[in-house]
Amino acid sequence: MHKPEYANGDPRNLAFIGHWDGCSPYKHSNHSSGAIEVTVANMRKSERLKVEEVYVLGFVPFNQVPKDNPHLLDPFLQPLVDEIKEGFINGITVDYVYNGEDIPKGNRIRCLLLCFTTDYPGICEVGKFLNGGRSPCRRCKVKGERIPTACHNQMYYAENRFHARYPWQEVQVSQEVDIMSEIQGEQRKSVRKKLSSQYGFTGISVLHQLHALYGFDILKDLVYDIHHLLPLNLIKNQIDRFVEEGLLNPKDVERKLRTFPWTSDLKEGRVPTGFDKGVVIGRHKNTESFASLCRSVCLKVCCPLRNMKFGQPLPV
């Protein structure tokens, strides 16, 4: 269970939430790019998610950087880290007129990076984690195994039910920083690849420079954004089955979606703009938006876990 932590200081100090994601700005081109952005965590969620409150720090042109390079984001993240270090150590002088009793004297405020959010491939790029391999998890020491008789190199992670009751040992950044640095400095590509597969790291992230200042932990403070916590494939398959078996009429669903009283939070980007069989089958933003709304129904039908017992096979 998450336990909030509290700190004493000037209430005007700023905490930032970083974000990184790639996109394809051109419809018929392979020239993809990405953007590094920050929002102010001190603000209300409904306010900080407005377009004018999202601050773009830079763009990354993927077509102009080497492919499969674990250090490709370093030159773009380093300016952010330098600004955070300067703002945390020396502070920023501001012209602040109000001098009430609840505000400390002085016009110097400080800032820090609270967390960094993106999807899983983005977390691997920012934190320099290996996307798969023998050690796929950055938070626990789960180990994958290959099946000797298999005709491929795919890893399998067995005994999930056992480790659900007896969890794997947690990974501590203080114990892994040496191997991260070793992989970062390794010049031989084959050796670096072998070390990455064994330990699950491709180097040491530039965000780790903030660990010495206020304990920023790249293993725990790089988090998924809420839209990537959904088991999209599972929900997508269930929706496809509902449509194919006639349990769900796409036209009725689309008609009801148009008249549904959406909340203000969902109107900011979580509302599906349409629903038909083509949209559901493809990996489309409407599919993700619809999945975020119907996940409870799909998962309840697919896996009635309330009646499950330990050791009982899951229903197919």
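1. Strands β1 (residues 14-23) and β6 run side by side in the parallel sense, joined over six bridges. Within that pairing, alanine 15 sits opposite leucine 112 in β6. Keep in mind that this is a predicted model.

2. How many of the eight residues of strand β6 are buried? Six of them are, so β6 (residues 111-118) is largely enclosed by the rest of the structure. Cysteine 115 comes out at 16% relative accessibility. Since buried means under 20%, cysteine 115 counts as buried.

3. On to the cysteines. If you were wondering about disulfides, a search of the whole structure turns up zero. Cysteine 137 is in no disulfide, and its nearest cysteine sulfur belongs to cysteine 140, 3.5 Å away. A disulfide here needs the two sulfur atoms within 2.5 Å. As for accessibility, cysteine 137 has 32%, so it counts as partly exposed.

4. Now the aromatics. The structure holds four aromatic pairs. One of them is phenylalanine 88 with tyrosine 214: the ring centres are 5.1 Å apart and the planes meet at 40°, so the pair is tilted. What makes this one worth a look in your viewer is the stretch of chain it spans: phenylalanine 88 is in helix α2 (residues 74-89) and tyrosine 214 is in helix α7 (residues 211-214), 126 residues apart, so the pair links distant parts of the chain.

5. Phe216 joins in through ring pairs, which link Phe88, Tyr214 and Phe216 into a cluster.

6. Last, have a look at threonine 202, which is found in the loop between α6 (189-199) and α7. With 14% relative accessibility, threonine 202 counts as buried. What does threonine 202 touch, leaving aside residues up to four places away in sequence? The contacts are Pro70, His71, Lys128, Phe129, Leu130, Ile183 and Ser196.

Note on methods. Residues numbered from 1 in each chain as written. Predicted model: local features only at pLDDT ≥ 70, side-chain atom pairs only at ≥ 80, totals over all residues. Heavy atoms only, no water. Phe/Tyr/Trp six-rings, centres within 6.5 Å; stacked < 30°, edge-to-face > 60°. Helix = DSSP H or I, 4+ residues; strand = E, 2+ residues; numbered from the N terminus. Buried < 20%, exposed > 50% of the residue type's maximum accessible area, 1.4 Å probe, protein only. Contact = heavy atoms within 4.5 Å. Pairing = 2+ DSSP bridges.
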